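Please read this briefing alongside the sequence and the 3D structure. It takes up the sheet and then the pocket.

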Amino acid sequence: MKAKKTPLRTCLACGRQATKREFVRIVRTPDGDVVVDPTGRRNGRGAYVCPSTECFEKAVRKNKFDAALRVSLRDDDVERLRRDYEQALEE
Ligand SMILES: [Zn+2]
């Protein structure tokens, strides 16, 4: 009995596990930018959050992105990410 395993990702904010298609991916590009990655295909260190602003805000409040992506996000970075994230939710 061999089930095909789908790798699970974990939401940074709430710890929920699911396949990556169910999450929004945030990635730190090789250039050091932190961007929302709706395609899930960009190179770089990635982190996943549920497609809900609640989880996004929680991750921001607890500096989860900084820890997961090894960056130090400034307020304007967070603003930009939030806009991109909300746009990704609408698509
Ligand atoms: Zn979550």
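Helices (H or I, at least four residues) and strands (E, at least two) are DSSP runs, numbered from the N terminus. This is a predicted model, in which local features need pLDDT of at least 70 and side-chain atom pairs count only at pLDDT 80 or more, while totals for chains, interfaces and linings use all residues. Residues are numbered from 1 along each chain as its sequence is written, and side-chain values use heavy atoms, with hydrogens and water left out.

**The sheet**

- Three strands, in the order β4-β3-β5, make up an open sheet with antiparallel pairing, where two strands pair if DSSP finds at least two bridges between them.
- Because β4 (34–37) and β5 (45–49) stand at the edges with a single partner strand each, one side of each is left without a neighbour in the sheet.
- Strand β3 (residues 24–28) runs antiparallel to β5 and is joined to it by five bridges, and Val24 has Val49 in β5 as its bridge partner.
- Helix α3 (residues 75–90) packs on this sheet and touches β3, β4 and β5, contact meaning heavy atoms within 4.5 Å.

**The largest pocket**

- On a 1 Å grid over the protein atoms alone, a pocket is an open set of points where a 1.4 Å probe fits, with protein on both sides within 12 Å along at least five of seven lines, and lining residues have an atom within 4 Å of a point.
- The largest pocket is lined by 13 residues, of which Lys20, Phe23, Pro38, Thr39 and Gly40 lie nearest its centre.
- To the lining of the largest pocket, β3 and α3 each contribute at least two residues.

Methods. Axes fitted to C-alpha atoms, helices over the stretch in contact; angles between N-to-C directions.
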